[in-house]
Amino acid sequence: QVRFVESGGGLVQPGGSLRLSCTVSGDFSSIEIMGWYRQAPGKQREQVARINYDDISAHYSGSVKGRFTMSRDNAKNSVYLQMKDLKPEDTAVYYCNDYINVINRREDSWGQGTQVTISS
């Protein structure tokens with residue numbers, strides 16, 4: 001079974017930057033599309049970015065476009081989310097997952113996530 005381990009979160013002031021990492025155990029090469037998702041307190045989980053296997057085509061939600069960059073290293077079974085110009089509304093627990101798991105609503109596929117807090 002493929003598992004996801006997120007890291008790199010923390011407390012950052014508005015305008016700061018963070019780089020999140022996601023390490024995937026299992027058959028990473030079988031995952032065509034990876035996504036980063038976040039869930040803020042009292043809100044539903046939302047997708048912020050996704051990227052396909054060739055690391056060429058990435059898509060971003062409107063709220064993070066231009067500030068976040070997702071990348072993928074297939075040799076390291078990892079995906080990353082570089083975040084800059086962070087805002088308080090970016091505060092959330094961030095998760096990575098196989099896009100297909102999310103589409104199929106596989107709740108057991110989520111990892112622990114990594115907390116990102118933007119506050120002065």
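1. A disulfide is here a pair of cysteine sulfur atoms within 2.5 Å, and the structure holds 1 disulfide. C22 and C96 form this disulfide, with their sulfur atoms 1.9 Å apart. The torsion about the S-S bond of C22 and C96 is about 65 degrees, so the disulfide is right-handed. C22 lies in strand β3 (residues 18–25) and C96 in strand β9 (residues 92–98), so the pair ties together parts that are 74 residues apart in sequence.

2. The model is predicted, and local features need pLDDT of at least 70, side-chain atom pairs count only at pLDDT 80 or more, while totals for chains, interfaces and linings use all residues. Residues are numbered from 1 along each chain as its sequence is written, and side-chain values use heavy atoms, with hydrogens and water left out.

3. Buried means under 20% relative accessible area, exposed over 50% and partly exposed in between, with a 1.4 Å probe and protein chains only. At 0% relative accessibility, C22 counts as buried, and C96 counts as buried at 0% relative accessibility too.

4. Strands are DSSP runs (E, at least two residues) numbered from the N terminus, and two of them pair if DSSP finds at least two bridges between them. An open sheet of 4 strands runs in the order β1-β3-β8-β7, with antiparallel pairing. Because β1 (3–7) and β7 (68–73) stand at the edges with a single partner strand each, one side of each is left without a neighbour in the sheet.

5. Within this sheet, β7 and strand β8 (residues 78–83) pair in the antiparallel sense over 6 bridges, and F68 stands opposite M83 in β8.
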